[in-house]
Amino acid sequence: MVNIFVADWIAVIILFCIGLYTMIVAKNMLRILIGFEIMTKGVTLAIITAGSVNGKIVFSQALAITVIVIEVVFIAIALAIVMITQKNKRSLDVRKLTNLKG
Amino acid sequence: MELHLLILIGLLLIPAVLAAFAMDLLRAAIALLVASLGLALTMFNLGAPLAGSFELSVGVGLITVLFVNAISLTRLVSEEERLERTKDHYRRFALLPVLVVLIGALMYRTQDFWAAGLEFVKYDEAGTVGEILWKSRGLDLIGQIVIIMVGVYGVAILFRRGSPNG
Amino acid sequence: MVLAFIFVPLVGAAMMPIMRKFWVKGSTLVTIAVTLFMLTGSFANILREINSETGISFQKTLLGEKFALSIDGLSAVVLMTIALVTLATIIFSAGVPIGRRSGFNALVLLAVTGMNGLAMATDIFSMYVFVEIVSISSFILIVYNMDEIGTEGSFKYMILSAVATVFLLIGIAALFAVTGDVSFQGVAAGLSSSAPLVRFGLGFIVFALALKSGLMPFHGWLPDAYTAAPVSVSVLLAGVITKVAGVYTLMRIIVAVFGFSESFSNLIMILGALSMTLAAFMALGQGDFKRMLAFSSISQIGYILMSFATGTTLGLIGAVFHFFNHAVFKSLLFLNAGATETATGARRLEDLGGLAAKMPVTGITSIIGMLSAAGIPPLAGFWSKILIIIALWGSGHRFYAGLAVFTSLVTLAYLLHAQRRAFFGKVREGLENVAEVSPLLYGPAVLMAVLAVAAGIFYPVIIRTLNLLLRIHLN
């Protein structure tokens with residue numbers, strides 16, 4: 001049992017690092033959101049793994065479903081904001097987001 | 001460690017790296033889809049079928065549709081710009097596989113430290129996911145309703161017609 | 001009563017699409033009615049708590065396990081602050097042009113639902129759910145005018161908030177793995193084992209909440225979001241949203257779950273001192289009125305968290321008092337910034353000048369707000385700052401106490417600088433035709449100014465009340 005926990009937890013941390021790296025390095029707004037999605041996969045796995053380790057797998061499924069719903073709403077709103085940016089600036093490059101400096 | 005566990009984790013991690021790596025955003029979205037599939041299978045393997053199928057329908061279906069929509073609506077890059085970006089892109093992400101391997105190895109070697117001291121208490125839990133959600137996580141259900149309302153209003157507002165001040 | 005704080009704003013928000021079809025003006029009235037209801041309800045809560053013998057009088061759970069919500073003294077103060085600032089925001093926004101007003105009101109009400117839930121939540125997972133509700137509705141509110149700066153500020157806020165969310169959830173998952181529960185009591189009871197995962201989880205959660213509250217090394221999104229938001233939204237953001245979603249949540253999780261530890265206190269003390277001092281200096285160099293106020297917010301959040309990190313009775317009272325005061329004077333200042341922006345169309349300080357003659361009410365209320373923020377007696381800000389400084393000194397953090405005194409001088413300097421630039425002196429060319437804004441715009445500012453003065457004059461009453469309200473946390 002501990003083995004599965006260790007393996008999955010390593011996967012969680014790796015997914016987390018891939019996502020974070022992508023969010024830091026990426027220049028395209030959509031790719032930043034893809035990085036966030038990768039991190040979310042890791043989070044969902046973390047919750048299910050935690051549940052399977054302490055035997056509360058049913059409870060953890062309830063939590064995971066809530067997390068998935070919330071992330072979908074988050075992504076929908078984020079993509080709407082990305083599309084408004086595209087309409088305003090004709091570009092999705094985060095390096096061009098420089099109106100607010102000072 | 002069982003073989004199928006490794007395969008499942010591979011199915012989760014490799015598409016995730018590819019999603020970060022793929023120059024074409026559409027391919028990245030498809031890699032994300034495969035990663036979602038891997039996650040759903042891992043969940044089935046861990047004994048969480050309901051969350052797994054939820055992830056299957058939402059992560060594989062809905063989010064991919066949203067991403068593909070957004071990507072196809074925002075593509076405006078010319079060919080030269082694209083080539084220029086490709087070179088730049090792979091240079092920026094070159095470090096990622098190294099990082100993944102390093103962190104994986106580090107976590108694996110130190111597992112005695114961070115997984116130590118855990119007492120795996122076994123709870124006997126009765127009921128199905130629905131019963132748990134309804135009986136003890138009612139607040140989260142309300143939260144889900146509120147957040148879906150936020151999403152609906154938000155999309156309605158952000159795509160409203162007419163002048164911004166009208 | 002407990003559930004009403006969630007359901008009344010929710011029903012109000014659900015009514016908005018109907019109102020839009022039939023009675024557009026009514027949507028604002030409904031929103032005001034909802035906030036007034038919340039205000040009276042939270043007053044009633046505070047009165048009940050004071051008059052009760054035990055001090056945990058209405059920490060009750062409704063309907064068994066189903067809706068685990070509770071109100072104690074700390075939540076009662078936060079609920080009242082939320083209602084107050086929302087009322088000011090809604091009245092102010094009624095006076096400025098805004099697209100699809102019913103939708104705006106609905107989103108404000110949904111954000112308020114989230115904040116109320118956050119104030120009353122009793123488990124870490126519900127806390128995450130409500131934090132997400134608050135953040136997602138504030139992304140939409142920031143980008144409400146769909147202009148370039150709006151999308152930019154909103155996107156930056158969104159990305160840092162997403163990172164914070166992931167940190168928070170991994171922390172929650174780690175704690176859940178070890179303790180097998182997500183309620184405050186269950187997690188606190190299961191924390192006895194000192195597994196590395198517990199420290200890991202605590203670290204992740206504290207980092208996430210520090211990011212959400214905009215402490216100094218992680219503050220990048222905050223000035224952008226505040227500056228980019230439409231005027232009425234930045235009142236709500238600065239007044240309550242970041243403080244409830246970040247500072248209050250951090251306080252609650254430490255008080256209810258982890259307890260004070262030496263290393264945590266030191267960490268928060270250092271981060272708080274860093275934000276307090278550096279943000280004050282950065283505010284000195286700002287040319288944009290709202291951006292200066294945003295840096296001032298970071299600095300004041302540093303005060304609140306330092307006071308909280310002392311872990312003493314006085315520190316907690318000072319933190320909660322300053323929490324309330326900061327909500328009052330910062331929303332007052334943002335209301336003034338919004339009024340000047342609406343009247344003149346300028347947001348840079350150098351484009352303003354001599355407005356006190358043209359806009360007397362805005363000028364006078366902004367003087368009150370700035371003096372309260374700078375901690376000048378007898379205004380409310382002075383008493384909470386002096387409490388914080390005494391708490392820091394008394395708990396042996398003498399260096400930090402000195403730093404707090406020094407920073408309040410810097411605060412006075414940048415606020416007076418802004419005041420002189422915007423409101424005093426000769427009327428700037430091109431601003432001769434500026435007139436006082438409508439009563440809808442300065443009404444809430446007057447209300448907040450009266451509160452700042454009243455809380456300063458009646459400070460013994462407030463401190464005694466807070467002492468009674470917070471007694472269950474003080475042992």
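The model is predicted: local features need pLDDT of at least 70, side-chain atom pairs count only at pLDDT 80 or more, and totals for chains, interfaces and linings use all residues. Residues are numbered from 1 along each chain as its sequence is written, chains are lettered from A and ligands numbered from 1 in the order in which they are written, and side-chain values use heavy atoms, with hydrogens and water left out.

**View 1. Chain B has eight helices and zero strands.** Helices (H or I, at least four residues) and strands (E, at least two) are DSSP runs, numbered from the N terminus. Along the sequence, chain B reads α-α-α-α-α-α-α-α. Of its 166 residues, 42% count as buried. Buried means under 20% relative accessible area, exposed over 50%, partly exposed in between (1.4 Å probe, protein chains only). Take the contacts in chain B between residues at least 6 apart in sequence: 58% join residues at least 24 apart. Contact means heavy atoms within 4.5 Å.

**View 2. D8(A) touches residues of chains A and B.** D8(A) sits in helix 1 (residues 2-25) of chain A. It counts as buried because its relative accessibility is 0%. Leaving out residues up to four places away in sequence, D8(A) touches L45(A) and T49(A), along with I9(B), T42(B) and L46(B).

**View 3. Y153(B) touches residues of chain C.** Helix 8 (residues 138-158) of chain B carries Y153(B). At 14% relative accessibility, Y153(B) counts as buried. Its contacts, not counting residues up to four places away in sequence, are A13(C), A14(C), P17(C), A106(C), L107(C) and L110(C).

**View 4. Helix 13 and helix 16 of chain C cross at roughly 150 degrees.** The axes of helix 13 (residues 313-344) and helix 16 (residues 380-394) come within 8 Å. Helix 13 is therefore roughly antiparallel to helix 16 of chain C. Angles under 35 degrees count as roughly parallel, over 145 as roughly antiparallel, 65 to 115 as roughly perpendicular and the rest as oblique. Axes are lines fitted to C-alpha atoms, for helices over the stretch in contact, and angles run from 0 to 180 degrees between N-to-C directions. Residues of helix 13 in the contact include F321(C), H322(C) and F329(C); those of helix 16 include W383(C), K385(C) and I388(C). By class, this contact has ten nonpolar, six polar and one charged residues. Ala, Val, Leu, Ile, Met, Phe, Trp, Tyr, Cys and Pro count as nonpolar, Asp, Glu, Lys and Arg as charged, and the others, Gly among them, as polar.

**View 5. Helix 15 and helix 18 of chain C pack at about 35 degrees.** The axes of helix 15 (residues 360-374) and helix 18 (residues 439-457) are 9 Å apart. Helix 15 contributes V361(C), T365(C), I368(C) and S372(C). Helix 18 contributes Y442(C), A445(C), V446(C), A449(C), A452(C) and V453(C). The contact has eight nonpolar, two polar and no charged residues.

View 6. Most residues other than glycine have a negative phi, and most peptide bonds are trans. P377(C) and P378(C) are joined by a cis peptide bond, with omega about 5 degrees. M146(C) is not a glycine, yet has a positive phi of about 55 degrees. At 13% relative accessibility, M146(C) counts as buried.
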